[in-house]
Amino acid sequence: MQTLHQSLEHRRIEHQRALNFKHIAPLSAQIESLNTIPKSELEGIKVVYGDMVEIWAPNLSVKSFEIVCEVAKALIPWRKGPFKINHLEIESEWNSAIKYNLLAPHLNLKNKIVGDIGCNNGYYMVRALAQNPAKIVGFDPMPLCFLQYQFLQFFALENRLSFEMLGIEELLYFEKNFDVLLCLGVLYHRKSPLEAIKLVYNALKSGGEAVFDSLILEGEQEIALCPKGSYAKMSNVYFVPTLCTFKGWLEKCGFREITHIATLKTTLEEQRKTKWSSGESLEDFLTPSGEQTIEGYPAPRRAYLKAKRIH
């Protein structure tokens, strides 16, 4: 019978196999090409943790900068950001600074062990370093997200960050591990949001806090929309609750001291097409008025809640 540790290692190996997929393996090779940059050119790197995360490598040669640009472009689409490496600006599809700046005043991360579930390429993790956490662990099973993270970490070399190519379901191996957990852009993609919330709850230490967001249905009733087909062209949206239902889910799973941070409509300033994204974006998911999705559902709004595990 496998121990919990052995089971976790097995899951890690299973997820990491995705790095060998036919469409991903060439990208891994692109990351490896960064190792041709002389170490002397990587000295004196500085990182600015602003709205645009800026990495300044003052000794990078023209030839090496061309390699960096080539790798960054190979890793398109960039969903979260923005980032800047010297004069290369990566304008991601989502301007993630808007969400992070909304949440930052509600986060207490100093000397804390933090987890970011569905971390994408680690933008929120990097921004959170400004609060001096002890450690931040990102969880995301998508190989492209991991490779983008590796690309950024090649320059930043931030030893407080780590990335697990694992999904929210693997939180069961991290019981009572975290002081703070972020669960953003995840719940409405889960067939059982209550199970997902409970996994977050169990991974927190006593007194730990979690910050969630969810797409929200307007109204005061304790109901949730279950889209028949897609929602804003997303076929993997299963439940869109009202705010009171969202709060009720957290309470059912044991959370207390639930704080409603904000409810905001998703705007074209926050999610838009750029040369670093691909295909369609928010403008293609809505009717011309912007008030409904193309399927006829209310346009995306998100509620942000903070909640505590007391015991």
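**Helix packing and the open sheet**

Modeller: Start with helix H7. The cover over its buried residues includes strand E5 (113-117), strand E8 (178-183), strand E9 (204-215) and helix H8 (243-252). Keep in mind that this is a predicted model. H7 itself spans residues 193-203. Its buried residues are Pro-193, Ala-196, Ile-197, Leu-199, Val-200, Tyr-201 and Ala-203.

Now move to the sheet. Four strands form an open sheet in the order E1-E2-E3-E4, and their pairing is mixed. Strand E1 (46-49) and strand E4 (88-90) are the edges, each pairing on one side only. From one strand to the next, the twist averages 15°.

Look at one pair within that sheet. Strand E3 (residues 83-85) and E4 run antiparallel, joined by 3 bridges. Across this pair, Phe-83 stands opposite Ile-90 of E4.

Two helices pack here. Helix H3 (residues 62-74) packs on the sheet and touches E3 and E4. The direction of H3 makes about 15° with that of E4. Helix H6 (residues 143-156) lies across E1, strand E2 (53-56), E3 and E4. H6 runs at about 50° to E3.

H3 has a helix partner too. Helix H2 (residues 25-32) packs with H3 at an angle of about 160°, and their axes are 9 Å apart. An angle over 145 degrees counts as roughly antiparallel, so that is how H2 and H3 lie to each other. The crossing of H2 past H3 is left-handed. On the H2 side, Leu-27, Gln-30 and Ile-31 make the contact. On the H3 side, the residues are Glu-70, Val-71 and Ala-74. Sorted by class, the contact of H2 with H3 has 4 nonpolar residues, 1 polar and 1 charged.

Finish with the loop between E2 and H3, where Ser-61 is placed. Is Ser-61 buried, exposed or in between? The relative accessible area of Ser-61 is 24%. Buried means under 20% and exposed means over 50%, so Ser-61 is partly exposed. Glu-41 is 20 residues away along the chain, yet the C-alpha atoms of Ser-61 and Glu-41 are separated by 7.0 Å.

Conventions
Residues numbered from 1 in each chain as written. Predicted model: local features only at pLDDT ≥ 70, side-chain atom pairs only at ≥ 80, totals over all residues. Heavy atoms only, no water. Pairing = 2+ DSSP bridges. Axes fitted to C-alpha atoms, helices over the stretch in contact; angles between N-to-C directions. Contact = heavy atoms within 4.5 Å. Parallel < 35°, antiparallel > 145°, perpendicular 65-115°, else oblique. Left-handed = near helix turned anticlockwise from the far one by under 90°. Nonpolar A, V, L, I, M, F, W, Y, C, P; charged D, E, K, R; others polar. Buried < 20%, exposed > 50% of the residue type's maximum accessible area, 1.4 Å probe, protein only.
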